[in-house]
Amino acid sequence: MNALTAPGFPEEQVRARARHGTAEVFPHPATYGARLFGPSPAAAPPQDDLDRARVVPPVFMPQRLEKLIDLAREPEFGDVDLTTRAGGLTARLPLYLSAFGSTRAGSGDLALHASRQAARLGIPMVIGENMIPVHGYRRADDTTRSALLARVEAYLEAAPEGTGGVVVQQSTEDADSEVWNLLYSDPATRPLLETGRLAFELKTGQGAKPGLGGMTVVGREEAARLARRFTVQEVFGPDDDHRLRCATPGTFTDEILRQQLRFMRNNFPRARTWVKFHPGRDIAHAARTAWAAGADAVTVDGAEGGTGWAPGVFLDQVGLPLAECLRRIGRPAGCLLATGGMWEGGRVLRALALGATAVGLGRAALIAVDEDPEHGLERLADSIALELRLLISALGKYTVTGLDADDLWWPADPATTASADPAHPADDRSGDVSGDRSGAQAGAPEGTS
Amino acid sequence: MDRTLRAGAPGTPPPLGEHLRSSRLRAAMLVQQEALQAARDFLRGEGFTELLPPLVGPVTDPGGRGAKALDVDYYGHPYKLMTSAILYKQASLRGFPKLFYIAPNVRVEPEETATTGRHLVEFHQIDVEIADATREDAQEIAAGLLTRVAEHVWTAVPGLLSELGRREEDFADIRGGKYDVCTHEEAVRRLLAAGHPQNPDGEIDWTGERLLSLESDRAFFVNDYPKGSRGFYDREDPDNPGVLRNFDLIAPHGYGELVSGSEREADYATIVTRMRESGENPAKYAWYLQEARDGIPASAGFGMGLQRLVRFLTGLDALWQVSAYPKLPGAVTP
């Protein structure tokens, strides 16, 4: 396949996991007994602050003793229960399939394959905004299935009873198309409603371009068709066949958010209510407001997130990193979900330890399905699940909810701390500590408490 | 749902031809035409002008409770069949300060409402709006209208009502103009005390409404619904933020809601903000917002469900029994 590329994302590692699953958690077995292992010098540099934190098991483990008493035998990593309640839905793993948006990468066959695999994994699936304004919905005179309904059906066919669920986003343009209304009364979604597995996600923003609405690149012809619902701009030049289609981000104040959530709960009482925020500087206030208004889940999309098209300046320079979002939120007052650069167990565990109940797979899921449409996402999830079991049991814990911030430690910032810089060992021995450096060291132990 | 409520759940309509030939429908239609005559006489006597409402438009009442509007392709533009003509009522006030419609409406209600006995996809409202009026003014008209209609049908067709099993004494309070009043907060408290899980931020659910109606011997107004439970056009109480200056009128003995009404938002900026709060995109309401910018009078008004009114008068179990051409939610019928 390899139709997709994701520069800046550990694409090769994700593709390897999609092919080999849990085998990728370990060094190649042929090297066993023949090579001495230590910290890998070739390890990918940390993507961000969240990746810098080390997972730090204690020596004494009272919770392991509890598990030992419970089992009447020594607990093993296989005893870790990864089942969680994510936004009112039961997830077999602390994972869910993030929205892909209405980009070309996110619709069509790849998304269908991802839906089936998410269903088989028993994890919730979020379907992105703007599917209906862009791709349409089934109408009385149109028997073809819309992209959205096709994904719902693919999921339902494969989902084990009682697990997972389908979460459907609605943006401002979706509201015009009344996406939630259409779905809530569609017989196709009745099996989800009757089993409490339908949720609606109010989308207020996204990590890839905080403060902006959705953007996609469309051809000239499609642009003409969409021009009534969206702003379409010729940013690529008048002679280029491509056009930029922009959705509006929507206006929110705390009162608008509170009332929209009430409205959702009132109009769709049998659906769960999720809210997705971009990594805004007032993320803690926003999350508190949403939980207080009865949101079943708050999703925070870190600035590292995004399957979507975005201006370079936004990808590189705008929005809070996920770690800072989680730090600002602190102990969550409700179910917190996190997305942004998730693809392996370590980063997932760090997000869980910082308060998330489950994390979303976006780009990683798309790449995995692109690598192997039948089982790529399942293998990727299996590898993450194994790493989580290993890590959580190493921490002396056996449930996802047992994790907390004590399980992480941030080393001093290598960029500002001389002693952590192996390139200048002589400086450390000389005792010649400059004012600059001691200042940096004084400020270094951020997040270690 | 408990056994007593299910016992009241009505069956489904027979084939249309059989339904149209039934003596029960004939009786209901004779009561309906008397009710309509009385309503028109009463409102005309109060100085109202009857207009005929629009059927389609670029937008309609966004409504709530999961009901949706039907789409119409209007010369290539996506139009809606009217779920209610509230926006047009407000826009008409400068020319017609006291107006009413007998308005046909279409709402594709969620399928779970098919068994409430109180929902039809096609229905009619006696739709009233009064410029420069308060909620209490609107309630006085709504109460007066119900009183006049009850008085008239018991004068004009008492035999029909008796044959249907109605007792004249059950209408004594309404004919005497006696109505009770409570607030949404009190109604929620009563339901919670009765063990019914009612969301305090929301509309009173179907079962809750039926419980309140069943335990009451007198028609009553429920005032002050919370913001978020109703459309953006219901006015927020400036002295009590989060609470709307609106009301329902609930019939006694389990017949449930007959009327929804409110003071209206008329201030442009408030309307736009309230649209956002209810998840609406203001851009699609362009024509209405232009009217609001130009100045819509403050007003209050209400809609009285005609089929609900006739069901209450006749004492029949379900709305489909008082509609000649009933369409139940989720049922694909002619």
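The following legends describe several close-up views of a predicted model.

In this predicted model, local features need pLDDT of at least 70 and side-chain atom pairs count only at pLDDT 80 or more, while totals for chains, interfaces and linings use all residues. Residues are numbered from 1 along each chain as its sequence is written, and chains are lettered from A in the order in which they are written.

**View 1. Chain B as a whole.** Chain B holds twelve helices and eleven strands; helices (H or I, at least four residues) and strands (E, at least two) are DSSP runs numbered from the N terminus. Its C-alpha trace spans about 55 × 50 × 40 Å along the principal axes. Buried residues account for 51% of the chain, a residue being buried if 20 or more other C-beta atoms, placed from the backbone, lie within 10 Å of its own, and exposed if 12 or fewer do.

**View 2. The open sheet of chain B.** Eight strands form an open sheet with mixed pairing, in the order β1-β5-β6-β11-β10-β9-β8-β7 (chain B); two strands pair if DSSP finds at least two bridges between them. At the edges stand β1 (49–50) and β7 (180–183) of chain B, each of which pairs on one side only. Within the sheet of chain B, strand β8 (residues 220–223) runs antiparallel to strand β9 (residues 246–251), and four bridges join them. B:N223 lies opposite B:F247 of β9(B).

**View 3. Helices packed on the sheet of chain B.** Helix α8 (residues 184–193) of chain B touches β7 and β8 of chain B, and its direction makes about 85° with that of β7(B). Helix α12 (residues 306–314) of chain B lies across β6 (122–131), β9, β10 (256–263) and β11 (299–305) of chain B, at about 105° to β6(B). Axes are lines fitted to C-alpha atoms, for helices over the stretch in contact, and angles run from 0 to 180 degrees between N-to-C directions; contact means C-beta atoms, placed from the backbone, within 7 Å.

**View 4. A three-stranded sheet in chain A.** An open, antiparallel sheet has the strand order β8-β10-β9 (chain A). Because β8 (215–219) and β9 (231–233) of chain A are edge strands with a single partner each, one side of each is left without a neighbour in the sheet. Three bridges join β9(A) to strand β10 (residues 242–246) of chain A, where A:L244 is the bridge partner of A:Q233.

**View 5. Nonpolar cores.** A nonpolar core is a set of buried Ala, Val, Leu, Ile, Met, Phe, Trp, Tyr and Cys residues joined through C-beta atoms within 7 Å. The largest has 106 residues, of which A:L95, A:V298, A:L337, A:A351 and A:A356 touch the most other members. Helix α17 (residues 376–394) of chain A gives the most to this core, with nine residues. Another core, of 82 residues, lies apart from it and includes B:L99, B:L146, B:L161 and B:F302.

**View 6. The loop around B:E169.** B:E169 lies in the loop between α6 (158–163) and α7 (172–175) of chain B. This residue, B:E169, is exposed, with 7 other C-beta atoms within 10 Å.

Notes:
Two residues are in contact if their C-beta atoms, placed from the backbone, lie within 7 Å.
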